[in-house]
Amino acid sequence: MLKKTKLFALAATAAFAISATAGAALAADLTIASWGGSYQAAQSKAIFQPVAKKLGITIKEESYGGISDVRLQVKAGAVTFDIIDTGSGGGARGGVEGILEPLDYNMIDVSNFVEGTYLPACVGTITFSTVFAYNTDTYKDGGPKSWADFFDTKKFPGKRAYRAKYHGALEPALLADGVPMNEVYKVLDSEEGIDRAINKIRSIKDDVAIWWKSGAQHAQLMKDGEVDMTTGWNGRFDVAIKDGAKAAYNYNAALLDYDCFGIPKGAPNKELAMKFLAEASKPEYQAAMPQYITYGPTDKRAYEMGIIDDAVAKTLPSHPHNAETQLVVDNSWYAKWEKVASEKYQEMLTE
Amino acid sequence: MSVAESLQAPVGARAEEAPNAAGLKSDAVKERMQLLGLCSPALLLVAVTMVLPVIWLFYLSFLSDEGTFSLEHYQRLTASKAYARIFYTTFQVSVLTTLVCVAIGYPLAYFLAQLPRRAAALCMITVLLPFWTSLLVRTYAWLVLLQRKGLVNTWAIELGLWDEPIKIVHNLNGTLIGMVHIMLPFLVLPVYASMKAIDTDYVKAAANLGASPIQAFWKVFFPLSLPGLFAGALIVFVLCLGFFVTPAVLGGGRVIMVAMSITDTIELFFNWGAASALGVVLLVMTLGSLFAASKLLNLDRILGGGGGGH
């Protein structure tokens, strides 16, 4: 009996030792978490690996489920990520909740960033737009051109899809209702304003066949011709169009939004992470992204370096020509009205 | 507990007249302990994976964001009409799915029960085959079949059955089709088992006494098959209440069930208290409806009668 126990202890120690050395051999200087898929593949080639090479460090890439994963790690006191990529909304919320470290903007140069594409705890890396796409077969003689057209079911009859969450859903409704772009968030800054937007969506509810939940879904809906028009993210539509979807979109009064990098509170290598972000936020890395995926840089200088192909540049959300026609998403509004807006939106959805 | 009791009864009865009562009694205690010991891994597993989380769920649902006792999460559920509608949808979908499953599943099980054993086994495979395929795959397959430019609509239009694509999916219909498909085996299997257990001589005896085939079925066969039918329907109903993937994919965002609402609450707001409250209400309503069903249908008698007959 005793012998057996000893043997077991020995085996356990050996196993532990082996796993410990294996762990040490694999340990990287920094762990970066992003969204996976074609997006992270592009980031890896354009940003992560080149920056790591420049700084002479090793990195480990992981994919994760967004800011709620960071929250879990921070609350459990077991933070493994040094850097995370999140939507601007998650970045804003993470900063307010204190689960993301405030960034040192003496180190990170944002002086040439598109206005409103960085936050105290999250620095922008790519821009994307919430647009509407329409089926070019259904609307052969010219499709809808504006949000007003999207909401005009008499002029443009057809099945629509709209987002199942309130994010990026209320602004278009107000624009369609005649609110000028620069007053959208002013109007939304009250319960009546939110009700006004939701009532506008309510007015086309019978023509909304599907309430979409993910980017993959709205791209597929266009590809299958399941709906005639839908809101969604420009990059997804580009991929769908490349795959043969009969669709088109424009940047007229689209919502300009961005993804950003943050450092979770209590990250194992905070100092190095900050250095990494300072390097990764330089325009030359951002300029390398569009060759892999059609998301635009947040640093305007990236357009002037001759790295981005001219034809491609004109199609990107943050290209000066496109950016000026768009509404930049205001994350402080989201932080303030999240609960009210989501409850009201859900109420409308379940009617 | 019931195992221990049934063991105790005969031993105790005999102990009065036996001279070695004390020895027998200690043996009985030992045996009970051994049985308990054998059960303990399972009991522990159930306690750790079922009972504790449910207690934790109850606890969380009464905790405010600041960590004090409060009813705020329950008040939130009553403040917004949305939650009442979500619960209504959940029960509506579950009841309809169960009814359709019974309507399709009972005749199917009856047909299978009449077949010779080999043919029945073959047919049973066709019932079970979808059972072994991933739920996600089956759900998306329905989407491909039923959507606006899917196989069903395209073929029907080409055959001239209808002119415009009809809406079969991204609504309640699509959700029901998907859920019935997934739930059917859960109904067919217990019903088939209970039908196979019915002695065919009963039906023959009824015919012998002058009952028409229909009378023999309704008066003799059907009541005997009821325990299986109720067991199957209950399983289907309870499983439906917690459904997530199928309504999410086939409901087109219109069919919102409680499980989906719970995910949103966690993912969007990280509000464990509110999500727990939703879970608790669903659990209580499920238990409540089971209790009502058992009173209304006198389940104890039906299920008990099928099992033992005492």
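Helices (H or I, at least four residues) and strands (E, at least two) are DSSP runs, numbered from the N terminus. The model on screen is predicted: local features need pLDDT of at least 70, side-chain atom pairs count only at pLDDT 80 or more, and totals for chains, interfaces and linings use all residues. Residues are numbered from 1 along each chain as its sequence is written, while chains are lettered from A and ligands numbered from 1 in the order in which they are written.

**Stop 1: strand β10 of chain A**

Select residues 255-262 of chain A. This is β10(A), and 8 of its 8 residues are buried, so the strand is largely enclosed by the rest of the structure. Buried means that 20 or more other C-beta atoms, placed from the backbone, lie within 10 Å of the residue's own. Show the side chains. A:L255, A:D257, A:D259 and A:F261 point one way. A:L256, A:Y258, A:C260 and A:G262 point the other way.

- Select 122-135 of chain A: β5(A) runs antiparallel to β10(A), with 7 bridges. Look for A:V123 opposite A:F261.
- Select 83-87 of chain A: β3(A) is also antiparallel to β10(A), joined by 4 bridges. Here A:G87 faces A:D259.
- Select 327-328 of chain A: β12(A) pairs with β10(A) in the parallel sense, over 2 bridges. A:V328 is the bridge partner of A:L256.

**Stop 2: the domains of chain A**

Colour chain A by domain, with bounds from an automatic or database domain assignment. Domain 1 takes 23-125 + 259-324, and domain 2 takes 128-256 + 329-350. Their C-alpha centres are 27 Å apart. Where they touch, domain 1 gives 13 residues and domain 2 gives 12. Contact here means C-beta atoms, placed from the backbone, within 7 Å. On the domain 1 side, pick α4 (88-97) and α14 (320-323), which each supply at least two residues. The largest share, 5 residues, is from α4(A). That side has 7 nonpolar, 5 polar and 1 charged residues. Ala, Val, Leu, Ile, Met, Phe, Trp, Tyr, Cys and Pro count as nonpolar, Asp, Glu, Lys and Arg as charged, and the others, Gly among them, as polar.

**Stop 3: between the chains**

Show both chains. Here 17 residues of chain A meet 16 residues of chain B. On the chain A side, select α3 (67-76), β7 (208-212) and α15 (331-350), the elements that give two or more residues. α15(A) gives the largest share, 6 residues. The chain A side divides into 6 nonpolar, 5 polar and 6 charged residues.

**Stop 4: the domains of chain B**

Select 1-61 of chain B for domain 1, then 73-307 for domain 2. The C-alpha centres of these two domains lie 36 Å apart. In the contact, 4 residues of domain 1 meet 7 residues of domain 2. The domain 1 side has 3 nonpolar residues, 1 polar and no charged.

**Stop 5: the largest nonpolar core**

A nonpolar core is a set of buried Ala, Val, Leu, Ile, Met, Phe, Trp, Tyr and Cys residues joined through C-beta atoms within 7 Å. The largest one has 153 residues. Select those with the most contacts inside it: A:I83, A:A133, A:L170, B:M183, B:L187 and B:M257. Helix α8 of chain B (172-196) gives the largest share of this core, 12 residues.

Finish on B:M183. Which residues does B:M183 contact, leaving aside its neighbours within four places in sequence? They are B:T97, B:C101, B:V236, B:L239 and B:C240.

Key:
Contact = placed C-beta atoms within 7 Å. Buried ≥ 20, exposed ≤ 12 C-beta atoms within 10 Å, placed from the backbone. Pairing = 2+ DSSP bridges.
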